[in-house]
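Dear colleague,

Please find below the sequence and structure that I am handing over to you. My findings follow directly after them.

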Amino acid sequence: MTPTQLNHTAAVLAQMLTFEQPADVVLSNYLRDNCKLGRNDRHEIAETAFAALRHYQKIAAVLRRPAVQSRKAALAALILGRSVSISQIEDLLNNADNEKELLSSLKARKNEFSGYLNTAAELPSWLIARLQQHYTDEQILAFGRSVAQPAPLDVRVNTLNSKRDKALAQLQTDYPQAIATPLAPHGIRFPNKPALNQHPLFLDGTIEVQDEGSQLLVQLVGAKRGEIIVDFCAGAGGKTLAIGAQMANKGRIYAFDVSEKRLANLKPRMTRAGLTNIHPEKIHSETDPRITRLAGKADRVLVDAPCSGLGTLRRNPDLKYRQSPDTLASLQTQQQNILHAAAELVRAGGRLVYATCSILPEENENQAEHFLQTHPDFELLDCSELLAAQKIPLNTGKYLRLDTATHHTDGFFAAVFQRKSA
């Protein structure tokens, strides 16, 4: 890392470590405002800043108010998260500010850090307390360590354009490390996260970035040609696009979301993928009249519910500091309201898929059980049986529970309900 890169990283961390905005938004805005930075500069700044987020518990243990001491936080991130030795960055250190002593202290306290669950698992105290209601300390430690590692890059092959084997062979010419995802039938994984946005297969819509876990959720939707599908919380549309390919571009998908910006991001992705059966619509809430016109008409409804996002900490390590018990309580109420509204759209014999990217039972199993208690006209389908029918070798029981430490995906949950026939 150069002195200039270090200064920029410190400037980014001064904003990131207040946790007032999402880290990716802070980084994006900073790089936009400093558009003359080169590709390598951007890479070094981004990797070091996110390393600081992933190792924030250890950094906060030796630095009072890390956001105010963001230069030292950046140096600590190089040591803790990027496997840089003190001798490699000695030229960067300011002796008058005791920076070398700080980094030496970090190294010396390695055994001490492993003795406390918050620093060993890199999880804040509020989250550890919540997890301890459901998991052992060993399980919490395994979870924390798994999400402290950067995620690989997963893509989905658009089956309208190509088959996975063919696309993989083409990609391996440029990226020999590319492999087929072990579970999702259309996925390809890049362990070293190359930039693919200018690759011909990305530009022509043959591949689309999507985590393997997210791809598996779409397999549970099981959409068929000619059906009416509702993606109730479509966001930027990664799952919507996968459903469109699943339907071979036949039928109709309603992509609802409260964010016009997210839906605007979906439209060019639809064009690139060659999909014409998706109809994005902005709604103001789950009670929007534009939703009710579909009551009892949808063959399948996907609710990828607003949630804590704690299953995506590999990609969004700041979330564990931006969520709290209060935000969780609010989210749980919102999840129940959305699930109830979405259920109204499902026809008799139709399917409702409830999904989150959380690992908390409060947002997952508890919500599924509450739904079944309050909606006796629905029954639970077994996720393991649905996946086995598609020759996907994954059995996590009646619910889909994806764990980063075990499955090497983001942490997803899904429950599949079917409306009983009259």
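Over residues 143-420 the chain is 36% helix and 22% strand, and its end C-alpha atoms lie 37 Å apart. Helices (H or I, at least four residues) and strands (E, at least two) are DSSP runs, numbered from the N terminus. An unreviewed UniProt entry annotates residues 143-420 as "domain: SAM-dependent MTase RsmB/NOP-type". UniProt positions are given in the numbering used here, feature names are shortened, and annotations may be inferred rather than shown by experiment.

This is a predicted model, in which local features need pLDDT of at least 70 and side-chain atom pairs count only at pLDDT 80 or more, while totals for chains, interfaces and linings use all residues. Residues are numbered from 1 along each chain as its sequence is written, and side-chain values use heavy atoms, with hydrogens and water left out.

The annotated binding site

The unreviewed UniProt entry places the feature "binding site" at Asp257 and Asp304. These positions are spread over 48 residues of sequence, yet they cluster in space, with a largest C-alpha distance of 10.7 Å.

Asp257 belongs to strand S6 (residues 252-257). Asp257 counts as buried because its relative accessible area is 5%; buried means under 20%, exposed over 50%, and partly exposed in between (1.4 Å probe, protein chains only). Setting aside residues up to four places away in sequence, Asp257 touches a set of residues including Phe232, Cys233, Gly235, Arg262 and Glu281, where contact means heavy atoms within 4.5 Å. The side chain of Asp257 also reaches the backbone nitrogen of Gly235 at 2.8 Å.

Asp304 is located in strand S8 (residues 298-304) and is likewise buried, with a relative accessible area of 17%. Beyond its neighbours within four places in sequence, Asp304 is in contact with Cys233, Lys239, Ala355 and Thr356. With Lys239, the side chain of Asp304 makes a side-chain polar contact at 2.7 Å. A polar contact is a pair of N or O atoms within 3.5 Å; within protein, one must be able to donate a hydrogen and the other to accept it, and residues adjacent in sequence count only if both atoms are side-chain atoms.

The four-stranded sheet

An open sheet of 4 strands has the order S2-S3-S1-S4 with antiparallel pairing, where two strands pair if DSSP finds at least two bridges between them. Its edge strands are S2 (179-180) and S4 (207-209), each of which pairs on one side only. Strand S1 (residues 153-157) is joined to S4 by 3 bridges, and Arg156 stands opposite Glu208 in S4.

Yours sincerely
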